[in-house]
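The following account considers side-chain contacts, a surface pocket and backbone geometry in turn.

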Amino acid sequence: HKLDYLMRFENLTNDFADVLAAIKVDAVRPLPVFNKTGEKRKAFYEYYSTSEAKIRAIEVLGPYMQKWSYGFPEEWKDELKQASPKQGAYDFVNLFRKLYWKKLR
């Protein structure tokens with residue numbers, strides 16, 4: 001929330017070009033790609049094979065997904081109705097994270 005722009009990894013090349021354009025800098029060359037992962041066989045959410053695993057992922061990752069404007073797959077609609085993200089736990093942990101970064105480090 002204190003950033004001027006958020007570049008998403010899955011759209012890094014275009015987002016980087018947008019940032020350069022916003023600060024009025026001409027690109028010298030395309031953004032290089034190193035150590036590229038081969039074609040993935042499955043999307044990340046396909047590894048969550050049980051309803052229980054999906055519900056747990058929604059509870060734990062939900063606050064992070066919401067903060068950074070990501071969504072869960074449409075295929076998880078039944079689990080989304082059953083689960084509730086643990087926003088309170090997220091806020092509690094972040095209280096200590098903020099304290100550490102602002103006062104202790």
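The model is predicted: local features require pLDDT of at least 70 and side-chain atom pairs count only at pLDDT 80 or more, whereas totals for chains, interfaces and linings use all residues. Residues are numbered from 1 along each chain as its sequence is written, and side-chain values use heavy atoms, with hydrogens and water left out.

The largest pocket has a volume of about 520 Å³. A pocket is here an open set of points on a 1 Å grid over the protein atoms alone, where a 1.4 Å probe fits, with protein on both sides within 12 Å along at least five of seven lines; lining residues have an atom within 4 Å of a point. Grid points are joined across faces, edges and corners, and the volume is the space filled by probe spheres set on the points. The lining comprises 15 residues, of which F9, E10, V33, K36 and T37 lie nearest the pocket centre. By class, the lining divides into 6 nonpolar, 5 polar and 4 charged residues.

Side chains of opposite charge can pair when their charged atoms come close. With a salt bridge defined as a side-chain nitrogen of Lys or Arg within 4 Å of a carboxyl oxygen of Asp or Glu, the count comes to 1. This salt bridge joins E59 and K86, whose closest N and O atoms are 4.0 Å apart. E59 lies in helix α2 (residues 51-67) and K86 in the loop between α3 (77-82) and α4 (87-104), so the pair ties together parts that are 27 residues apart in sequence. Helices are DSSP runs (H or I, at least four residues), numbered from the N terminus. E59 is buried at 16% relative accessibility, while K86 is partly exposed at 39%; buried means under 20% relative accessible area, exposed over 50%, and partly exposed in between (1.4 Å probe, protein chains only).

The whole structure contains 6 aromatic pairs, in which rings of Phe, Tyr and Trp (its six-membered ring) have centres within 6.5 Å; planes under 30 degrees apart count as stacked, over 60 as edge-to-face and the rest as tilted. One of these is the edge-to-face pair of Y48 and W76, at 5.4 Å centre to centre with 75° between the planes. Y48 belongs to the loop between α1 (12-22) and α2, and W76 to the loop between α2 and α3, so the pair ties together parts that are 28 residues apart in sequence. Y48 is partly exposed at 28% relative accessibility, whereas W76 is buried at 2%. W76 also stacks with F72, at 5.5 Å centre to centre and 20° between the planes. F72 is likewise buried, and Y48, F72 and W76 form one aromatic cluster.

Two further rings carry a charge over the face, defined by NZ of Lys or CZ of Arg within 6 Å of the ring centre and within 35 degrees of the ring normal. R8 lies over Y70 at 4.1 Å from the ring centre, and K42 over Y47 at 4.4 Å.

Most residues other than glycine have a negative phi. K24, although not a glycine, has a positive phi of about 60°; K24 is in the loop between α1 and α2 and is exposed at 73% relative accessible area. S69 also has a positive phi, near 60°. S69 is found in the loop between α2 and α3 and is exposed at 58% relative accessibility.

Notes. Helix = DSSP H or I, 4+ residues; strand = E, 2+ residues; numbered from the N terminus. Nonpolar A, V, L, I, M, F, W, Y, C, P; charged D, E, K, R; others polar.
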